[in-house]
Amino acid sequence: LAVYRQAVDESESHSPRENSTLTVARVRTDSLRYMTQDGSFPYAVLADLGYRAPAQQDRGSDAVQTVDVSPELIDVLAADDILLLTDAGTEDAVAQLRQNPLFTGLGARVTELPSKDFLFGNVLTAQALVETATEIGG
C-alpha cells in the first residue's frame, strides 16, 4: 500500500484539469454500462487521483457499482473524458459504439483499456491504473 500511496502522490503533476469529468464505462459483447463513482473499484482509484464522475451519473449510494446504458440513452456517458474498459472479444461492440453518432456527438476524449487488467481490485491493479491514468485526458 505504501508503494501505491507514493504512486498517487507522484501522479499529482498529472492530475485532471479542474472541474473536468470522467466516465468509466465497460463494454461487453452484449451490454454497455458505466461504473459509479461511489461503488466501483476503478473509480475508487481514480478518485484518489482527483477524477470525478459527471453529475448525471450520481446514484447517491455506494451500493450500486454499475448501471446498464441503453443505446438511446448514451448521453448519460457525457464527460470530458471516457475510459472504456473493454472485454476480450468486444472489438465489434467497441467499433459499433465508436461509430454511433450519439457517442461521437459526446465530444469526449476516449481511452480504451482491457477490462481484465483494470477492472478487479487489488493493490497491483490499483497501481497499474494510477500509472496508466496519465494517458487519460491527453
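Guide: The count comes to six salt bridges, a salt bridge being a side-chain nitrogen of Lys or Arg within 4 Å of a carboxyl oxygen of Asp or Glu. Bear in mind that this is a predicted model, where local features need pLDDT of at least 70 and side-chain atom pairs count only at pLDDT 80 or more, while totals for chains, interfaces and linings use all residues. Residues are numbered from 1 along each chain as its sequence is written, and side-chain values use heavy atoms, with hydrogens and water left out.

Let's take Asp-87 and Arg-28, whose closest N and O atoms are 3.3 Å apart. That pair links distant parts of the chain: Asp-87 sits in the loop between β4 (81-86) and α3 (91-99), Arg-28 in the loop between β1 (22-27) and β2 (32-35), and 59 residues lie from one to the other. Helices (H or I, at least four residues) and strands (E, at least two) are DSSP runs, numbered from the N terminus. Asp-87 counts as buried, at 14% relative accessibility, and Arg-28 as partly exposed, at 30%; the scale here is under 20% relative accessible area for buried, over 50% for exposed, and partly exposed in between, with a 1.4 Å probe and protein chains only.

Next up is Arg-98 with Glu-112, at 2.6 Å between the closest N and O atoms. Arg-98 belongs to helix α3 and Glu-112 to strand β5 (residues 109-114), so this pair ties together parts 14 residues apart in sequence. Both ends are partly exposed: Arg-98 at 33% and Glu-112 at 37%. Then there's Asp-117 with Lys-116, meeting at 3.0 Å, N to O. Asp-117 is partly exposed at 35%, whereas Lys-116 is exposed at 66%.

As background, an α-helix has 3.6 residues a turn, so residues three or four places apart point the same way.

Six of the six residues of β1 are buried, so the strand is largely enclosed by the rest of the structure. Leu-22, Val-24 and Arg-26 cover one side, and Thr-23, Ala-25 and Val-27 the other. β1 runs parallel to β4, joined by six bridges, with Val-24 opposite Leu-83. β1 and β2 go antiparallel over three bridges, and there Arg-26 has Arg-33 as its bridge partner. Two strands pair if DSSP finds at least two bridges between them. β1 and β2 also make a hairpin, with four residues between them.

Zoom out and you have an open sheet of five strands in the order β3-β2-β1-β4-β5, with mixed pairing. β3 (66-68) and β5 stand at the edges with a single partner each, so one side of each lacks a neighbour in the sheet.

Last stop, the nonpolar cores: sets of buried Ala, Val, Leu, Ile, Met, Phe, Trp, Tyr and Cys residues joined through side-chain atoms within 4.5 Å. The largest has 19 residues, and those with the most contacts inside it are Leu-22, Val-24, Leu-46, Tyr-51 and Leu-83. Two or more residues each come from β1, α2 (41-48), β4 and α6 (123-132). Apart from that core lies another, of 15 residues, including Val-27 and Leu-97.
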